[in-house]
Amino acid sequence: MTKRQSYNTKARRLILEFLELKQENTVSAADISEYLEKMGVTVNQATVYRCLNKLDDEKRLLKFTDEDTQKSVYRLIGEKNNCAEHIHIKCVKCGRLMHLECGFMHDIKKHLSESHGFELQCGGSILYGLCEKCRNNNN
């Protein structure tokens with residue numbers, strides 16, 4: 001069976017545009033629907049989810065569970081970022097999501113594998129805290 005080609009509809013283009021604009025943050029399907037509405041594009045929620053699922057299947061998105069709402073949130077994977085190879089850190093105040101691409105990731109994976117028989121899968125992993133900017137604004 002051949003793989004179906006994704007259609008490049010106006011809604012899909014605008015969804016990708018919004019995800020690129022918000023690349024440092026996670027966004028919900030509701031955030032996307034609100035953006036589409038502001039852009040004058042009316043689509044039902046199922047269409048937004050269908051597009052998000054296709055982008056996820058294409059490995060263009062990371063899908064996380066929001067710590068507050070327990071709902072799915074999404075983040076576009078940048079072209080240079082191999083998000084399956086590192087953990088992410090997220091500021092609980094401003095929502096910024098950053099890649100933790102430090103050299104010690106290999107050491108952590110190796111330690112977990114050799115000492116605990118555990119294979120770390122980083123793709124959907126997030127550590128929560130305060131970014132430097134938000135931490136400095138609290139002082």
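Predicted model: local features only at pLDDT ≥ 70, side-chain atom pairs only at ≥ 80, totals over all residues.
**Close-up 1. Glu24 sits in the loop that joins helix 1 to helix 2.** With a relative accessible area of 43%, Glu24 comes out as partly exposed. Leaving out residues up to four places away in sequence, Glu24 touches Arg75, Gly95, Arg96 and Leu97.

**Close-up 2. The whole chain, for orientation, has five helices and five strands.** Going along the sequence, the elements come in the order α-α-α-β-β-β-β-α-β-α. The chain has 139 residues, and 35% of them are buried. Take the contacts between residues at least 6 apart in sequence: 54% of those join residues at least 24 apart.

**Close-up 3. The largest nonpolar core brings together 18 residues.** If you want the residues with the most contacts inside this core, look for Ile15, Leu19, Ile32, Leu36, Leu52, Leu55 and Leu61. At least two core residues come from each of helix 1 (10-21), helix 2 (29-38), helix 3 (45-57) and strand 2 (72-76). Helix 1 gives the largest share, with five residues. Another core, of five residues, lies apart from this one, and its members include Leu62, Phe64, Val73 and Leu97.

**Close-up 4. Leu19 is one of the residues with the most contacts inside the largest nonpolar core.** Which residues is Leu19 in contact with, leaving aside its neighbours within four places in sequence? They are Val27, Ile32, Leu55, Leu61 and Leu76. Two of the names to pick out here, Ile32 and Leu55, are also on the list of residues with the most contacts inside the core.

**Close-up 5. Helix 1 packs on helix 3 at an angle of about 65°.** The axes of the two helices are 11 Å apart. Helix 1 and helix 3 are therefore roughly perpendicular to each other, and their crossing is right-handed. On the helix 1 side, the residues to look for are Arg12, Ile15, Leu16 and Leu19. They meet Val48, Cys51, Lys54 and Leu55 from helix 3.

**Close-up 6. Helix 2 packs on helix 3 at an angle of about 115°.** Here the axes are 10 Å apart, and helix 2 passes helix 3 in a right-handed crossing. Helix 2 makes the contact through Ala29, Ala30, Ile32, Ser33 and Leu36, while helix 3 answers with Gln45, Val48, Tyr49 and Leu52. Val48 is a handy landmark, as it turns up both in this contact and in the one between helix 1 and helix 3.

**Close-up 7. Ser33 belongs to helix 2.** Is Ser33 buried or exposed? Buried means a relative accessible area under 20%, and Ser33 has 16%, so this serine counts as buried. Not counting residues up to four places away in sequence, Ser33 touches Gln45 and Val48, and both of those residues are part of the helix 3 side of the contact with helix 2.

Terms used:
Residues numbered from 1 in each chain as written. Heavy atoms only, no water. Helix = DSSP H or I, 4+ residues; strand = E, 2+ residues; numbered from the N terminus. Buried < 20%, exposed > 50% of the residue type's maximum accessible area, 1.4 Å probe, protein only. Contact = heavy atoms within 4.5 Å. Core = buried A, V, L, I, M, F, W, Y, C linked by side-chain atoms within 4.5 Å. Axes fitted to C-alpha atoms, helices over the stretch in contact; angles between N-to-C directions. Parallel < 35°, antiparallel > 145°, perpendicular 65-115°, else oblique. Left-handed = near helix turned anticlockwise from the far one by under 90°.
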